[in-house]
Structure formats: structure tokens, C-alpha cells
Amino acid sequence: MYLIVFVTTPSEKVAVKIGRAVVKQKLAACVNIIPKIRSLYTWQGKFYDEREALMILKTRRSYFPKLARAIKKLHPYEVPEIIGLKIDRGYKPYLKWLLTNTRPAR
């Protein structure tokens with residue numbers, strides 16, 4: 001029923017813009033932003049060593065498609081990292097809060 005979603009962005013500013021939008025739309029109950037991470041990856045045959053920001057979003061599993069679309073609209077990367085992991089356990093009052101702060105599933 002619950003999901004943690006990881007998204008990397010090129011900067012904290014971009015992460016805040018996306019985070020505000022998805023929380024205001026109630027597609028995520030909470031967004032944590034880790035402003036300075038280092039990412040090593042290959043893109044189109046070239047190696048990169050970049051500074052990025054990491055977003056950790058908490059939402060309902062059923063919202064992943066809508067959430068991913070909303071993130072993609074605001075994200076500058078051609079292929080952004082948007083990865084969802086199931087939450088199989090959690091503090092019940094927190095999970096109840098998560099449900100309260102996202103729209104009812106339709």
C-alpha cells in the first residue's frame with residue numbers, strides 16, 4: 001500500500017521545485033531532500049562524476065504512475081531516475097499520517 005520513491009536531480013533548487021509541486025498535489029505526503037550527493041554513472045557512452053540532490057518521497061503505491069508523470073514534467077533530465085520501493089513495515093501512526101496527507105485512491 002505504501003511506497004518510497006527515490007529521485008535524483010541536478011540541484012537542490014530543482015528538487016525543491018518538484019517536491020513542492022507533488023506535496024501540494026497530494027501525490028506524496030512528504031519529500032526529504034539530501035542536497036549534496038555524488039553520482040557516478042554512464043550516459044550515452046560517456047562516464048560522469050556529478051554532484052546531484054536526492055529526493056526521498058513517501059506515497060501510496062497506487063500513486064506511482066501519476067507521481068512519475070508529475071516528476072517527469074518538471075524534471076530537466078531526459079531520463080530521470082524515478083525508482084519506487086515497497087514499504088512492507090512501518091510505524092502505524094506514521095503510515096496513517098501518510099494516507100491522510102495523500103488524496104484518496106481512485
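Predicted model: local features only at pLDDT ≥ 70, side-chain atom pairs only at ≥ 80, totals over all residues.
How many residues lie between β2 and β3 in the hairpin that they form, and which residue in the turn has a positive phi?

**View 1. The hairpin of strands β2 and β3 and its turn.** Strand β2 covers residues 30-43 and strand β3 covers residues 46-60, and the two pair in the antiparallel sense over 12 bridges. They form a hairpin with 2 residues between them, and the residue in the turn that has a positive phi, of about 50°, is Q44. Most residues other than glycine have a negative phi, whereas the phi of Q44 is positive although Q44 is a residue other than glycine. Q44 is found in the loop between β2 and β3, and Q44 counts as exposed because its relative accessible area is 66%, which lies over the 50% that the term requires.

**View 2. Opposite residues along strand β3.**

View 3. D49 counts as partly exposed because its relative accessibility is 38%, whereas R38 counts as exposed because its relative accessibility is 52%. The count of salt bridges comes to 2.

**View 4. The salt bridge of R89 and D88.** Here the side chains of R89 and D88 meet, at 3.5 Å from N to O. Are these two residues buried or exposed? Both R89 and D88 are exposed.

**View 5. The buried and exposed faces of helix α2.** Helix α2 covers residues 64-74, and its buried residues are L67, A68, A70 and I71. These residues lie on the same side of α2 because they cover an arc of only 165° around the axis. An α-helix has 3.6 residues a turn, so residues three or four places apart point the same way. The face of α2 turned away from the buried side carries the exposed residues R69 and K73. What covers the buried residues of α2 includes β1 (2-9), α1 (12-24), β3 and β4 (82-87).

**View 6. Residues K26 and L27 in the loop between α1 and β2.** K26 has its place in this loop, and its phi, near 60°, is a positive value in a residue other than glycine. With a relative accessibility of 34%, K26 counts as partly exposed, because this value lies between the limits of 20% for buried and 50% for exposed. L27, found in the loop between α1 and β2 as well, is buried, with a relative accessible area of 2%. Leaving out residues up to four places away in sequence, L27 touches V22, T59, Y63, K66, L67, A70, T102 and R103. Among these contacts of L27 are L67 and A70, which are also among the buried residues of helix α2. L27 and R89 are 62 residues apart in sequence, and their C-alpha atoms are 20 Å apart in space.

**View 7. A nonpolar surface patch that includes V79.** The patch has an area of about 270 Å² and is made by Y41, W43 and V79. V79 has its place in the loop between α2 and β4, while strand β2, with residues 30-43, holds the positions of Y41 and W43. V79 counts as exposed because its relative accessibility is 56%.

Notes: Residues numbered from 1 in each chain as written. Heavy atoms only, no water. Pairing = 2+ DSSP bridges. Helix = DSSP H or I, 4+ residues; strand = E, 2+ residues; numbered from the N terminus. Buried < 20%, exposed > 50% of the residue type's maximum accessible area, 1.4 Å probe, protein only. Arc of directions from axis to C-beta. Contact = heavy atoms within 4.5 Å. Patch = residues over 30% accessible without salt bridge, like charges linked within 9 Å, V, L, I, M, F, W, Y side chains within 5 Å. Areas by Shrake-Rupley, 256 points an atom, 1.4 Å probe, with all protein chains shown as cover. Salt bridge = Lys/Arg side-chain N within 4 Å of Asp/Glu carboxyl O.
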